[in-house]
Amino acid sequence: MKIGVLALQGAVREHVRMLEQSGVEAVPVKRNHELEGLDGLVIPGGESTTISKLMHQYDLMEPVKEMGRKGRPLFGTCAGLILLAKRIEGMEGSHLGLMDITVRRNAFGRQRESFEARLDVKGVAEDYEAVFIRAPYISEAGPEVDVLSALEGRTVIVRQGPFLGASFHPELTEDHRLHSYFAEMVKESRTEKTNTV
Ligand code: GLN
């Protein structure tokens, strides 16, 4: 089993390390042929419009969308979450547009550009340390979306089938429980694949 980390912007090495600590093989991905044979993909944080532009430039937007349509697990963190969303407040259209959610960018206010918080994550972890940097939150989630965590009433972690989204940077602490949860999702999706063949 092999999980890719989109390596266009953001803390790629940290994501790779977290996945390795969760006991899975992880590789940075920059070219679209490197997507072949991957069982899942992490889309790191950074700046969503920049990552989106680079994805078009490197011919990665369609192939990643296709991965998602095929039911391969994707994990978007911070800007990566924005890329996964079907709706972005104040913007026409979307990027990957795979999750039935609306996101609000830079949503925690200027005075709180970056901060840490402790979260309870449904079915995943209690007292989980999360680092928020110019973070978005999920302002609306469709009926098929499972809300896994909220901070002060604002949704910050969601799952919809094979897609997992977090509005913070789970790669910047020593706590790899969310990466382990994603690795589990990838394992399960592989089992399902084998069972249906
Ligand atoms: N504010 C960024 C955006 O809108 C996301 C911030 C991040 O990924 N840390 O794309």
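A residue is called buried if 20 or more other C-beta atoms lie within 10 Å of its own, exposed if 12 or fewer do, and partly exposed in between, with the C-beta atoms placed from the backbone. The model is predicted, and here local features need pLDDT of at least 70, side-chain atom pairs count only at pLDDT 80 or more, and totals for chains, interfaces and linings use all residues. Residues are numbered from 1 along each chain as its sequence is written.

**Exercise 1.** Find which residues of helix H1 (residues 12-21) are buried, and where they sit around the axis.

*Solution.* Helices (H or I, at least four residues) and strands (E, at least two) are DSSP runs, numbered from the N terminus. In H1, the buried residues are Val 12, His 15, Val 16, Met 18 and Leu 19. They cover an arc of only 165° around the axis, so they lie on the same side of H1; this arc is that of the directions from the helix axis to the C-beta atoms. Just after the helix, Gly 23 has a positive phi of about 90°.

**Exercise 2.** Describe how strands E7 (residues 114-121) and E8 (residues 125-133) are joined.

*Solution.* Two strands pair if DSSP finds at least two bridges between them, and E7 and E8, which run antiparallel, are joined by seven bridges. One of the partners is Ala 125 in E8, which is bridged to Val 121. The hairpin has three residues between its strands, and Gly 123 takes a positive phi near 70° there.

**Exercise 3.** Work out why the residues that UniProt lists under "binding site" gather at one spot, and determine whether Gly 46 and Ile 133 are buried or partly exposed.

*Solution.* The unreviewed UniProt entry places this feature at Gly 46, Glu 47, Ser 48, Arg 105, Ile 133 and Arg 134; such annotations may be inferred rather than shown by experiment. Although they span 89 residues in sequence, no two of their C-alpha atoms are more than 12.9 Å apart, so they gather at one spot.

Gly 46 belongs to the loop between strand E3 (40-43) and helix H2 (48-57), and it counts as buried because it has 22 C-beta neighbours inside 10 Å. Ile 133 is part of strand E8, and it counts as partly exposed because it has 17 C-beta neighbours inside 10 Å.

Contacts (C-beta atoms, placed from the backbone, within 7 Å) are listed without residues up to four places away in sequence: Gly 46 touches Gln 9, Gly 10, Ile 51 and Ala 79, while Ile 133 touches Gly 45, Cys 78, Ser 114 and His 169.

Definitions and conventions: Two residues are in contact if their C-beta atoms, placed from the backbone, lie within 7 Å.
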